[in-house]
Amino acid sequence: RDRIDIDGISVSPDHFIGGQRVTSAETFETRCPFDWDRKLADMARGNAETAALAAEAASAAFPAWAALTAAERGAYLHRLADLIEANVEKLAMVECLDMGMLLESLRLRVILRGAANFRNYADLATNHEERVWSSRGTLNRVIRMPAGPALIITPWNAPFMLSTWKCAPALAAGNTVILKPADWSPLSASVLADLIAEAGFPAGVFNIVQGLGAELGNALTSDPRIKRISFTGSVPTARIIGKAAAENIVPFTAELGGKSPLLVFADADLDAAAKKAAGQFDDSGQVCMAGTRIIVEESIKDAFLEKFHAYTDAQVMGDSRDAATTMSALIHPIHADRVLGFIDRARAAGDTIVRGGKRFREGANWIEPTLIVPKDNQSEVVQNEVFGPVLTFQTFRDEAEGVALANSTAYGLSGIVYTGSEERAQRVGRLVRGGTVWVNTFLVRDLTAPFGGIGISGIGREGGDYALDFHSDLKTLQILEG
Ligand code: ADP
């Protein structure tokens, strides 16, 4: 298939398998979220045959890749990171057009974070020290054995960041990789494939396949050559993939949705808290960690809301390439309709829509920043992830009630707490249910820290050594001493 020219950037619509571009007879299209009439590409639509080819390539390449030292593999990862850094502008523009994320933030932060993911894992794996100790007359040693081909399945909301975050530990651990990005934002992965080729990775070490979830995804997850599955996406899909993983007894991690609380105490820096709350609209709420349930101490309710509304009024919906735009469009009209469905049902159920609640413009993919005061804590918009610019607002009278509200959903991905008390930060930070809890900040993360969810927010932990362990078969070697 011919390469496509996207504003002067050449992008392949094809898969990247065994070091080569491979196509499929059928296609699927990808469009620009903030300019929906603009079709960007017809992408190769992978099927069972594609899955088999990729699994074959990844398993053929595995023994040689696994036999390299961590430092040798690390050199490839650093080379790829160099190329990502050299191609920031290109990657940022493609991701912006394809996913709708703001260009400025892609250029300055997100793409570079992708490069950092590869560097971080190259160095962690290289500097890893095996645990060695004497016990019961034997010398014990814990060895990380590469596990085999790893399948990485990523969602549409942060395609480049999440793909690099998830592929880097697999490669560093000595596994070969098949990446399947989501079909609503497939393009940055295809640019990544060009960089993988340029970095000179051995054929079959890092493969990228394009296609629809159920069709290509099912064929991949059921392939017995796949030895690890690492997934980020929705709860229903995790259940399907989990069953496939169970069938082949394959370890599986899932980072799923959230319904995270943003808890504000009366002793907090109100301005900072209100600004961060209004900032939850930035990516139109298409962030799994977003603090979508604003829970504020009763005594500061009015002061908080005044500031929150002022910051929200300053949100600008528009072309994601414009520096003035602060709020990106929703990815797809289907998704915008889904979000509007939540709002309509909330209204019908007696929740109060305080602001927003409708499309910004007829036919556009933005929904106005929406704040809902639920009738009670059991409201659908309180208990279920919307993944749109929809926040709920609740109040509490004392710390215990605030924490109880914060912990009252089946999710547990993250939490945000605003307080001026260090003591409360320690106490409440431990009590709030979530794999990550931020106090007086949000989204800053150290790449070596564990990341993942509690409850229906996921299984397993990514980040640092946790992901390297997941991608390895841990072996205990015991040698008789003396
Ligand atoms: P989202 O709401 O982010 O689209 P999904 O769980 O539907 O969440 O999709 C996340 C990723 O999982 C996408 O790459 C999608 O194509 C993929 N996917 C969807 N269904 C399946 C499946 N049955 N098997 C494997 N992957 C799937």
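Student: Is Glu 255 buried or exposed?
Tutor: Glu 255 is buried, because 28 C-beta neighbours sit inside 10 Å. Buried takes 20 or more other C-beta atoms within 10 Å, exposed 12 or fewer, partly exposed is in between, and C-beta atoms are placed from the backbone. Mind that this is a predicted model, where local features need pLDDT of at least 70, side-chain atom pairs count only at pLDDT 80 or more, and totals for chains, interfaces and linings use all residues. Residues are numbered from 1 along each chain as its sequence is written.

Student: What does UniProt place at Glu 255?
Tutor: The unreviewed UniProt entry puts the feature "active site" there, at Glu 255. Such annotations may be inferred rather than shown by experiment.

Student: And which strand holds Glu 255?
Tutor: Strand S13, residues 252-255. Strands are DSSP runs of E with at least two residues, helices are runs of H or I with at least four, and both are numbered from the N terminus.

Student: Ok, new topic. What's the strand order in the open sheet of seven strands?
Tutor: S16-S17-S18-S15-S14-S19-S20, with mixed pairing. Two strands pair if DSSP finds at least two bridges between them.

Student: Which strands stand at the edges?
Tutor: S16 (352-355) and S20 (436-439); each has a single partner strand, so one side of each lacks a neighbour in the sheet.

Student: How many bridges join S16 and S17?
Tutor: Three, in the antiparallel sense, with S17 covering residues 370-373. Leu 371 in S17 is the bridge partner of Arg 355.
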